[in-house]
Amino acid sequence: MAPVATADNTHNSSDVQKYDILEDYKGSYRFAPIEEAQVSRAMIKRYFNTMYERAVSDVVIVGAGSAGLSCAYRLANDRPDLKITILEANVAPGGGAWLGGQLMTPMVIRKPADRFLREIGVDYEDEGPFVVVKHAALFTSTLLSKVLAMPNVVLMNATAVEDLIVHSDFEGKQRVAGVVTNWTLVALNHDTQSCMDPNTITAPVIISATGHDGPMGAFSAKRLVSAGLLKELGNMRGLDMNRAEPAIVNGTREVTPGLILTGMELSEHDGSNRMGPTFGAMIGSGIKAAKEAERILDTVEVVGGKIVGRITA
């Protein structure tokens, strides 16, 4: 005789009766029935509703590595009223923070950034001037899960930023006013296909955290040069942990109206040193970027995702 489905503290009794489900691990596990089209419609409806709603955002964060995620966490906590949209070119968010140095798993974080670990609930070993998380993925997965659980945050991965929107603002100054997006697979194949036009997201503040130079790294910093908004890149200098980390945190700022650079992308813009496999500056720079975004938004009037004036005391 087949096991009888019974309600427990996991399953709603009406679901058990309606769908004949059974969580049984002795050979009689039964799922609720589903049609293939239901799966497609469930994803399409939610994803494209999100795209529609986030076509105008309050803050766009480009890059979901350690700096971008730290920024999103702080900003979303401080300002739950803001619509924060994170764009990540890779399928898997997290950037280089899934491992420590040279594919080793422990993550080194210099003090005082250890306070952030306690805030998000990540355990570590204390080594005096620095702490060690047993596996970098523990930090990244914990931070990512907390960010994604926030109702005002949306993450669109496998989505590349192909360009910046640049407008003249209410004062007649050139201002970064949004981003131009495309599916990453499309962005990587423009040379092999006919023209595939992109999409756009309008926002008064863009925070770029795309890392140092690489296939899609330092994107916004490099685009500032080609767009004529920056004469030349400083280019990242050789590794010096003691100089690099404070330079990145202290230098995190709005580098041109509407665009904040954070993390290692800033090293390419400013010509500061490489820091290697230590992640305290990524946390600190992300938090400072969030505070910079708050400072900007607290002093301007925004209508339809565009800055139209300044708030006077």
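UniProt positions are given here in the numbering of this model, with feature names shortened, and such annotations may be inferred rather than shown by experiment. The structure is a predicted model, in which local features need pLDDT of at least 70 and side-chain atom pairs count only at pLDDT 80 or more, while totals for chains, interfaces and linings use all residues. Residues are numbered from 1 along each chain as its sequence is written, and side-chain values use heavy atoms, with hydrogens and water left out.

An unreviewed UniProt entry places the feature "binding site" at Ala67, Glu88, Ala89, Gly96, Val161, Asp197, His212, Met264, Arg274, Met275 and Gly276. These positions span 210 residues in sequence, and the farthest two C-alpha atoms are 37.4 Å apart, so they do not all gather at one spot. Among these residues, Ala67, Glu88, Ala89, Gly96, Val161, His212, Met264, Arg274, Met275 and Gly276 are included in the lining of the largest pocket. On a 1 Å grid over the protein atoms alone, a pocket is an open set of points with protein on both sides within 12 Å along at least five of seven lines, and lining residues have an atom within 4 Å of a point.

Helices (H or I, at least four residues) and strands (E, at least two) are DSSP runs numbered from the N terminus. Ala89 is placed in the loop between strand S2 (84-88) and strand S3 (107-110). Leu103 also lies in the loop between S2 and S3; Leu103 is not a glycine, yet has a positive phi of about 65°. The peptide bond from Lys111 to Pro112 is cis, with omega near 15°, and Pro112 lies in the loop between S3 and helix H4 (114-120).

Strands of a sheet pair through backbone hydrogen bonds, either parallel or antiparallel; pairing requires that DSSP find at least two bridges between two strands. S3 is joined to strand S5 (residues 130-133) by four bridges, and Ile109 stands opposite Val131 in S5.

Strand S8 (residues 174-183) pairs with S9 in the antiparallel sense over four bridges, and Thr181 stands opposite Asn199 in S9.

The axes of helix H8 (residues 241-251) and helix H10 (residues 280-297) come within 8 Å and cross at roughly 10°. H8 and H10 are therefore roughly parallel to each other (angles under 35 degrees count as such). Axes are lines fitted to C-alpha atoms, for helices over the stretch in contact, and angles run from 0 to 180 degrees between N-to-C directions. The contact (heavy atoms within 4.5 Å) involves Glu245, Ile248, Val249, Asn250 and Gly251 of H8 and Gly280, Ala281, Met282, Gly284, Ser285 and Lys288 of H10.

Key: Parallel < 35°, antiparallel > 145°, perpendicular 65-115°, else oblique. 1 Å grid on protein atoms, 1.4 Å probe; cavity = no way out; pocket = protein on both sides within 12 Å on 5 of 7 lines; lining within 4 Å.
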